[in-house]
Amino acid sequence: MNIPVIDFSLYNLGENSVLDKHLVDLGRQLKSSFTEIGFVYLKNTGITPEEVEQVMHISKTFFLQPVELKFPFRSETFSNCRYHGWISSETESLNPDRPGDLKEAFNVETFCNDIHWPSPAFKDRQLSFYQRCRELSLRVLRVMAISLGLEPEVFLHAHRHIGGEKNRTTLRSLYYPPVNSELVKEDQLRCGEHSDYGSITLVFQGQAGGLQVLSPSGEYIPAPCIPGTVLINIADLMQRWTSDHFISAIHRVLLPPAGDSNTRQSLAFFVAPDDDYLITCCDGSTKYPAVTAGDYLNYRINDLLGKK
């Protein structure tokens, strides 16, 4: 099984008018991918490789600094924005049964004016790309609603405050440093097996591989970088929202082969509904009880931290 590639040119960020029949066709293709494997590549979205490279470059410049220069930007220093900022290597274990993940991250989840940034250029690049990802994600969510025969705006109503204090949508710059195979702990990975928590995730990858997706047959399949594309996956709250119609698939990032000292980079835009939005099964069923997005995300995050 391979992850499908869909041409999004008819509804890319430069297209302000699109025929309904084209949205329906895009919806049919997305629905097929999201119900069968939960992942899809989109090409011709309007977000250019140059935009992605600019964000990766300024992010890598930050990550390559000495720890003492990154330390003031660690996430726990921002009391009014709990998840914003730098996370050091091996701090997270997305699979709590494994040692800490061999990756660093910088999270951007708010446009608050009182947040301290590594530099004005870093702030500008990150926030500009955040807005571009927001625009693309709303278009994808609209097509997803159409694919299910719902009102086109149904998912958009739940994502009105992306970038605000009452929404957890996060742009995460990820850096996987070179791996010394002699120092790796038993069962350690660059990123342990996990599924995402919110609505959907947009992933932009550098050339280094390692990302794998668990298929419905129980086998891991590669999700390599395809230049000029964005990889999009369903997250857990969207699976619940659609009564398991769309699939939130487990994924992971493997270690490089022994002796391979290449680094890896990616940008992940984790889309979440507004904290106070009540999520009920969109097919009208009671398969899952109603829950606000904020309560659900708190439960999932606390559950993960409790297992560590």
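1. The strands involved are β5 (residues 170-176) and β12 (residues 264-271), which pair in the antiparallel sense over seven bridges. Keep in mind that this is a predicted model.

2. Now for the sheet as a whole. Eight strands make up an open sheet, in the order β1-β2-β10-β7-β12-β5-β4-β3, and the pairing is mixed. At the edges you'll find β1 (5-7) and β3 (85-87); each has a single partner strand, so one side of each has no neighbour in the sheet. On average, neighbouring strands here are turned by 25° against each other, ignoring direction. As a reminder, strands of a sheet pair through backbone hydrogen bonds, and they can do so parallel or antiparallel.

3. Two helices are worth a look next. Helix α1 (residues 20-36) lies across β1, β2 (39-43) and β10 (229-234), and runs at about 145° to β2. Helix α4 (residues 120-147) packs on the sheet too, touching β2, β4 (104-108), β5, β7, β10 and β12. The direction of α4 makes about 130° with that of β7.

4. Then there's S195, in the loop between β6 (191-194) and β7 (200-205). Is S195 buried or exposed? S195 counts as buried, because its relative accessible area is 12%, which is under the 20% cut-off.

5. What does the S195 side chain touch? It makes a polar contact with the side chain of D236, at 2.9 Å. Leaving aside neighbours within four places in sequence, the residues in contact with S195 are D236, S248, A249, I250, H251 and R300.

Methods. Residues are numbered from 1 along each chain as its sequence is written. This is a predicted model: local features need pLDDT of at least 70, side-chain atom pairs count only at pLDDT 80 or more; totals for chains, interfaces and linings use all residues. Side-chain values use heavy atoms; hydrogens and water are left out. Helices (H or I, at least four residues) and strands (E, at least two) are DSSP runs, numbered from the N terminus. Buried means under 20% relative accessible area, exposed over 50%, partly exposed in between (1.4 Å probe, protein chains only). A polar contact is a pair of N or O atoms within 3.5 Å; within protein, one must be able to donate a hydrogen and the other to accept it, and residues adjacent in sequence count only if both atoms are side-chain atoms. Contact means heavy atoms within 4.5 Å. Two strands pair if DSSP finds at least two bridges between them. Axes are lines fitted to C-alpha atoms, for helices over the stretch in contact, and angles run from 0 to 180 degrees between N-to-C directions.
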